[in-house]
Amino acid sequence: MDFSIKTFDAKNTIANTKSGVIAVGVFEDKKLSSAAKALDLHGAVTAAVKSGDISGKPGSTLMLRSLDGISAERVLLVGLGKQGALSTKDYGSAMAAIARSFAHLGASEGIIVLPTDSVTERDTAWAIQHAVLALREGLYRSDTLKSKKDPAPAGVKKIAFAVDKAHITAAKAAVVQAVALANGIDLTKELGNLPANFCTPTHLAKTAREMARDFKLGIEILDRKQMQALKMGSFLSVSAGSDEPPKFIVLKHMGGKAKDAPTVLVGKGITFDTGGISLKPGAAMDEMKYDMCGAASVLGTMRAIAEMKLKLNVIGVVATCENMPSGKATKPGDIVTSMSGQTIEVLNTDAEGRLILCDALTYVERFKPAVVVDIATLTGACIIALGSHNSGLFTRSDAAHDQLANELLAAGKASGDTAWRMPIEEAYNEQLKSNFADVANIGTPGAGSVVAACFLERFTRKYTWAHLDIAGTAWKGGAAKGATGRPVPLLTDFLLARAKQAA
Ligand code: BES
Ligand code: MN
Ligand code: ZN
């Protein structure tokens with residue numbers, strides 16, 4: 001898909017511009033956007049809206065053909081809801097509706113007139129980001145392993161966004177950024193959907209190596225021996241039952257000033273979570289191939305910001321292995337020593353994410369990070385608490401952490417990839433007491449996602465840290481089974497905002 005920017009003026013009007021299709025907005029109260037008005041030469045648009053053929057609700061569309069005096073072959077009316085400020089969600093559904101409509105059209109190029117009635121320069125970038133994401137979302141196919149590929153939709157392949165002349169520079173930059181973000185999201189989806197017999201820790205390492213080569217990132221990949229030397233006994237205890245070698249991946253994008261402390265992302269990369277000896281029940285166990293979506297989101301975000309040439313120092317860390325039962329597997333009750341020196345009683349081998357993350361969180365101390373954010377499909381309990389709408393966000397509650405939490409919440413809102421803050425408090429730590437080790441890897445019943453976050457918190461006391469539990473948001477189950485690419489939009493917006501601050 002090819003995106004460009006276009007403007008209208010007195011000579012090249014919206015009415016006399018030749019195109020396969022022009023998409024313009026209409027509102028719920030039967031009012032027209034200024035672009036729709038400009039196409040309403042003989043009242044055909046007004047008549048269509050008055051007739052009730054389109055509700056104007058976000059996501060509603062109506063295709064009109066061969067309008068008198070209009071050079072474009074088709075005009076697509078798109079509902080924008082009530083006139084006034086558009087929410088990211090409503091705007092997203094409008095753009096998704098355009099994507100659906102364009103995908104089946106007998107035209108190869110089209111124009112989308114962005115709803116510029118009353119938008120600022122910042123809004124132009126926002127509007128372009130969400131339009132590109134919706135159009136690219138419609139394009140993604142998970143057919144890598146099908147012998148016959150899903151037919152690519154015919155439809156509109158070249159899309160121009162019409163914007164105000166004053167916003168043209170911002171709009172062009174926004175397209176570059178949005179495409180980079182879409183590429184990162186696609187990588188995250190692709191890795192998530194790839195099954196565990198293809199997407200092994202070795203495959204994630206290979207993907208990271210290719211990315212480092214293509215985007216000139218620093219890279220280091222530690223193998224089991226090196227992890228043993230670092231005394232990552234907790235991480236390695238999860239890998240013990242598997243024949244697939246574990247990998248510890250460090251990717252560096254040093255786009256900021258040399259002296260600036262890096263922002264560090266840490267992803268959970270369990271390429272398959274059987275539960276280990278605490279074996280999971282069989283139903284929907286295939287979905288545990290998605291237990292590396294935190295890792296995939298770190299790789300996708302690193303790809304996005306590298307393509308954007310973001311002026312910020314960012315280090316992406318991926319801890320990846322399989323969680324399998326076998327004669328060599330860790331058993332419930334086993335006690336392991338983490339890299340931090342804390343001993344852990346593994347009461348349940350299915351609470352493995354925290355066991356690999358705690359060593360990764362200790363490892364990243366060496367970077368003297370500005371902040372650390374870990375991303376993990378950590379707990380089923382987070383799905384019970386928040387469902388699939390919000391990722392769980394956990395931080396301590398002092399001023400520095402409140403600020404980090406607010407940055408992440410704001411990035412979630414701006415990108416439409418939202419998170420909801422959950423508590424971390426000393427009281428929950430009580431639940432993790434062990435009779436035999438410093439800490440247990442599971443707690444007494446209740447608040448499972450909070451207790452998991454409290455476990456991680458014990459390993460993050462040397463820096464400012466946030467944890468995102470993406471168990472409910474990283475993929476969809478059921479008929480629409482597939483990775484969502486979340487929370488790459490949230491993380492990328494978060495890093496974009498930090499780069500702006502650092503500039
Ligand atoms: N990867 C799972 C969490 C998960 C389960 C994510 C289902 C998405 C859907 C994690 O490793 C796990 O198994 N967690 C356990 C923790 C429990 C043993 C304390 C869980 O949530 O049941
Ligand atoms: Mn598990
Ligand atoms: Zn898991």
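## Cavities, pockets and packed helices

The second largest cavity has a volume of about 70 Å³. This is a predicted model, in which local features need pLDDT of at least 70 and side-chain atom pairs count only at pLDDT 80 or more, while totals for chains, interfaces and linings use all residues. Residues are numbered from 1 along each chain as its sequence is written, chains are lettered from A and ligands numbered from 1 in the order in which they are written, and side-chain values use heavy atoms, without hydrogens and water.

**Exercise 1.** Find out which residues line the second largest cavity and how they divide by class.

*Solution.* Start with the terms. On a 1 Å grid over the protein atoms alone, a cavity is a set of points where a 1.4 Å probe fits but cannot get out; a pocket is an open set with protein on both sides within 12 Å along at least five of seven lines; lining residues have an atom within 4 Å of a point. Points are joined across faces, edges and corners, and a volume is the space filled by probe spheres set on them.

Next, search the whole structure: three cavities of 30 Å³ or more turn up. The second largest cavity is lined by S237, V238, G241, G276, I277, N323, M324, A329, T330, T349, E352 and L355.

Then sort by class: Ala, Val, Leu, Ile, Met, Phe, Trp, Tyr, Cys and Pro are nonpolar, Asp, Glu, Lys and Arg charged, and the others, Gly among them, polar. This lining has five nonpolar residues, six polar and one charged.

**Exercise 2.** Work out where the largest pocket lies relative to domain 1 (2-164) and domain 2 (182-502).

*Solution.* The volume of the largest pocket is about 1300 Å³. Of its 40 lining residues, E137, G416, K476, T484 and R486 are the closest to the centre.

Helices (H or I, at least four residues) and strands (E, at least two) are DSSP runs, numbered from the N terminus. α3 (88-103) supplies the largest share of this lining, seven residues. By class, the lining holds eleven nonpolar, 17 polar and twelve charged residues.

One more stop: R486 is joined to P487 by a cis peptide bond, with omega about 0 degrees. P487 sits in the loop between β19 and α15.

**Exercise 3.** Determine which element gives the largest share of the lining of the second largest pocket.

*Solution.* This pocket has a volume of about 880 Å³. Of the 28 residues lining it, Q177, D493, L496, A497 and K500 are the closest to its centre. The elements that give two or more residues are α4, α5, α12 (399-415) and α15 (488-502).

The largest share, eight residues, belongs to α15. The classes are 16 nonpolar, five polar and seven charged. Domains 1 and 2 both give residues here, so this pocket too lies between them.

**Exercise 4.** Decide how α5 is set against α15 and against α9.

*Solution.* Axes are lines fitted to C-alpha atoms, for helices over the stretch in contact, and angles run from 0 to 180 degrees between N-to-C directions. Under 35 degrees counts as roughly parallel, over 145 as roughly antiparallel, 65 to 115 as roughly perpendicular and the rest as oblique.

α5 and α15 pack at about 140 degrees, with axes 10 Å apart. That makes α5 oblique to α15.

α5 and α9 (residues 293-308) pack at about 155 degrees, with axes 8 Å apart. These two are therefore roughly antiparallel.

Key
Domain bounds come from an automatic or database domain assignment.
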